[in-house]
Amino acid sequence: MNDIKILQAFMREHLPLTRIWGVELLAAEGGQASLRLPAHADLLRPGNTISGPVLMGLADMAFWAALLSTNAGRDNSVTSSMNVNFLAPAGPGPLVAQARVVKAGKRMIYGDILIFAEGAEKPAAHMTTHWVVIA
């Protein structure tokens, strides 16, 4: 599933939060994906920065997009764990998440995600994730 418009529509249908937050799929191919989260006042925490739960949700969405780019949308896995390192305030948005599948086995999939304030050179957060194949 490498056509960006088809994959974005698939994500919005099967994970409505991508539609609610207005997440845009920028790229998805070969186990890598980039997503953009537009600025939205409802996603801020005190201090005028995007909240941690939003960053984690965006990371999970980005990794799912990276995974979908490898399996033509026939995903049968779920998040098992996520390790989060908040490196700097993300600011009020927009944000860009870059995800990649590092290793995909028969039962476990491992990946990592970097989240940047749009235009920033240094990441605001780094996540690693494990997913489990359930079928």
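Mentor: A contact here means heavy atoms within 4.5 Å, and this is a predicted model.

Trainee: With that cut-off, what share of the contacts in the protein between residues at least 6 apart in sequence join residues at least 24 apart?

Mentor: Of the contacts between residues at least 6 apart, 61% join residues at least 24 apart in the sequence of the protein.

Trainee: Which elements does the protein have, and in what order do they run?

Mentor: The protein has three helices and eight strands, and from the N terminus on they run α-α-β-β-β-β-α-β-β-β-β.

Trainee: Why is the protein called as compact as a globular protein of that length?

Mentor: The globule rule, 2.2 Å times the number of residues to the power 0.38, gives 14 Å for 135 residues, and the radius of gyration of the protein is 14 Å, close to that value, so the protein is as compact as a globular protein of that length. Taken along the principal axes, the C-alpha atoms fill a box of roughly 45 × 30 × 25 Å.

Trainee: What makes a residue count as buried, and what percentage of the 135 residues are buried?

Mentor: A residue is buried when its relative accessible area is under 20%, and buried residues make up 43% of the 135 residues in the protein.

Trainee: How do you know what confidence the predictor has in the protein, and which elements have the lowest and the highest mean pLDDT?

Mentor: On a scale from 0 to 100, the mean pLDDT of the protein is 94, with 99% of its residues reaching 70 or more.

Definitions and conventions. Residues numbered from 1 in each chain as written. Predicted model: local features only at pLDDT ≥ 70, side-chain atom pairs only at ≥ 80, totals over all residues. Heavy atoms only, no water. Helix = DSSP H or I, 4+ residues; strand = E, 2+ residues; numbered from the N terminus. Buried < 20%, exposed > 50% of the residue type's maximum accessible area, 1.4 Å probe, protein only.
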